[in-house]
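Biologist: I would like to learn how to read a few features here. Could you take me through them one at a time?

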Amino acid sequence: MTAAARTPEARLAVVDDEPHLRDLLQASLRFAGFDVVTAASGAEAIGVIADGGVDLVVLDVMLGDMDGFEVTRRLRGRGVTVPVLFLTARDDVASTVQGLTVGGDDYVTKPFSLEELVARIRAVLRRSGSEEDDAVLRYADLEIDSDAREVRRAGRLIDLSPTEFELLRYLTTNAGRVLSRQQILDHVWDYDWRGEPTIVESYISYLRRKIDAPQAPDGEPPVPLIHTRRGLGYVLKQS
């Protein structure tokens, strides 16, 4: 069966303002088995993605009208939860890792190979659509609903990206057990990570801000659940 005749694995939106790279990505990802739509600007991307039907966005950080972080921020503001994979220049990695706080799920640094990009895309898609035997996990006042892809703490709904969701679920299913950074990378990222080595620390930090946040802006913070064991890893447990 030819690549053109296969049923697409997923529908991707590729957003890049460089015509050559955009066209190359579109052709390459279609050959790899995906259906691909494209956008040449942030504004065009928001319109294409907000219309629905896209399973993942491959989004260049540096766009002419607005950066990829702002595109993601506006999508999340509209309630669009589609996974986002950033494309970034190698010298912009630090800001991209920080930019994941707006709701991105992963990033690839330029230049990159098609094989690496496809591996990252498939890993994010698995995280966003994965299922576990336990539909609802509970620990202390934390509740994770795998079917609805929702997380609540003390009844408060917490908005998480697919990667944050998988990381929290992994910590919860191993509550009380210290997990090393490598264990987390192997389970959550699900491929040979060759990017910024602090990605786990960054996501743990994002989770803490959300999970351990006060119920109200002026309220008392809840008992922390995510703890660092220096030199060992991370553990979810009640203090």
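Biologist: At what angle do helix α6 and helix α7 pack, and how far apart are their axes?

Modeller: First, a word on the source: this is a predicted model, where local features need pLDDT of at least 70, side-chain atom pairs count only at pLDDT 80 or more, and totals for chains, interfaces and linings use all residues. Residues are numbered from 1 along each chain as its sequence is written, and side-chain values use heavy atoms, with hydrogens and water left out.

Modeller: Now the general idea: two packed helices are described by the angle between their axes and the distance between the axes. Axes are lines fitted to C-alpha atoms, for helices over the stretch in contact, and angles run from 0 to 180 degrees between N-to-C directions. Helices (H or I, at least four residues) and strands (E, at least two) are DSSP runs, numbered from the N terminus. Here, α6 (residues 162-173) and α7 (residues 181-189) pack at about 125°, with axes 10 Å apart.

Biologist: Which word describes how α6 and α7 lie to each other?

Modeller: Angles under 35 degrees count as roughly parallel, over 145 as roughly antiparallel, 65 to 115 as roughly perpendicular and the rest as oblique. Therefore α6 and α7 are oblique to each other.

Biologist: Which residues of α6 and α7 meet?

Modeller: Contact means heavy atoms within 4.5 Å. On the α6 side are Thr163, Glu166, Leu167 and Tyr170, and they meet Gln183, Ile184, His187, Val188 and Trp189 in α7. By class, that contact has five nonpolar, three polar and one charged residues. Ala, Val, Leu, Ile, Met, Phe, Trp, Tyr, Cys and Pro count as nonpolar, Asp, Glu, Lys and Arg as charged, and the others, Gly among them, as polar.

Biologist: What about α2 and α3: at what angle do they pack?

Modeller: Helix α2 (residues 42-50) packs on helix α3 (residues 68-77) at about 30°, and the axes are 10 Å apart. Gly42, Ile46, Ile49 and Ala50 of α2 make the contact with Val71, Arg74 and Leu75 of α3.

Biologist: Let us turn to accessibility. Is Asp60 buried or exposed?

Modeller: Buried means under 20% relative accessible area, exposed over 50%, partly exposed in between (1.4 Å probe, protein chains only). Asp60 has 3%, so it is buried. Asp60 sits in strand β3 (residues 56-60). Beyond neighbours within four places in sequence, Asp60 is in contact with Val15, Asp16, Asp17, Gly68, Leu87 and Lys110.

Biologist: And Gln238, where is that found?

Modeller: Gln238 lies in the segment after β11 (233-236). At a relative accessible area of 44%, Gln238 is partly exposed.
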